[in-house]
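Please read them with the structure open.

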Amino acid sequence: MAFLLLLQFQEDGFLLLEGFFTADECVVMQQRIGEIVAEMDVPLHCRTEFSTQEDEQLQTQGNTDYFLSSGDKIRFFFEKGVFDEKGNFLVPPEKSINKIGHALHAHDPVFRSITHSPKVQALVRSLGLQIPVVVQSMYIFKVISPHQDATFLYTEPLGRVLGLWIATEDAMLENGCLWFIPGSHTSGVSRRMIRAPSDSGPGTSFLGSEPAWDNNLFVPLPVRRGGLVLIHGEVVHKSEQNLSDHSRQAYTFHLMEAAGTVWSPGNWLQPTTELPFPPLYI
């Protein structure tokens, strides 16, 4: 990566690389997700709404094993209000999904090839990562509340988690592009999501509290299809409501620099015997 771009990323905590993936590569990802959604079979008791809002999170995915055991699987998480009281869909299933996670990179050949593509490996090498491992992946359809990734993916020391966010469709102001608070990655983490001890049953809690982020500090980052956004693990970011008739899909995955890093045993997401965090460089 060019030195000036690296400096910009270090200063802002995020960086847009336009046209990193081709339109054809984006179409392949979208088509594959369409197939995965068409084949979706989620038991009634596992239909979990997704949120990054603290209270809702603890009431929904934070207290269900379907979410907590999804780190090495491909699972579906839904928008609020898409089910009736019996868990049946009130809207078409393909319009009900918030995101699909958290191991597309491991179990699906299309997303594995994107994640480990030579150009991704070359980019990450240029950032100086020595032993990056893939900790999770998601395909995102809907709104993201303001948050820091390190709230959920905590390491010691901090600064070892990197998000790569790929716009598989145009993500503009009108259909819910990302927004960032530039430089907010330098102030540490305001809260952490902690997994309950194994002997107390599934669940999570939060340490600390989320500040009331000043909306005036956020700046939008429109991204054309194929653009890739680097996201520092502590930078504050969000997306807004999609007020258009156009969807806004994205594939994102997170890396950790494994050299000299401790993955917090309190994180909700843990490597498993079936799926240790795979190395990016292959």
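1. Both faces of strand E14 are covered. On one side Ala 250, Thr 252, His 254 and Met 256 are all buried, and on the other so are Tyr 251, Phe 253, Leu 255 and Glu 257. Buried means under 20% relative accessible area, with a 1.4 Å probe and protein chains only. In a regular strand, side chains alternate between the two faces of the sheet. E14 spans residues 250-257, and eight of its eight residues are buried. Strands (E, at least two residues) are DSSP runs numbered from the N terminus.

2. The model is predicted: local features need pLDDT of at least 70, side-chain atom pairs count only at pLDDT 80 or more, and totals for chains, interfaces and linings use all residues. Residues are numbered from 1 along each chain as its sequence is written, and side-chain values use heavy atoms, with hydrogens and water left out.

3. Which strands pair with E14? Strand E5 (residues 132-140) runs antiparallel to E14 and is joined to it by eight bridges; Tyr 139 has Tyr 251 as its bridge partner. Pairing requires at least two DSSP bridges between two strands.

4. There are two cavities of 30 Å³ or more. A cavity is a set of points on a 1 Å grid over the protein atoms alone where a 1.4 Å probe fits but cannot get out.

Note on methods:
On a 1 Å grid over the protein atoms alone, a cavity is a set of points where a 1.4 Å probe fits but cannot get out, and a pocket is an open set with protein on both sides within 12 Å along at least five of seven lines; lining residues have an atom within 4 Å of a point. Grid points are joined across faces, edges and corners, and a volume is the space filled by probe spheres set on the points. Buried means under 20% relative accessible area, exposed over 50%, partly exposed in between (1.4 Å probe, protein chains only). Helices (H or I, at least four residues) and strands (E, at least two) are DSSP runs, numbered from the N terminus.
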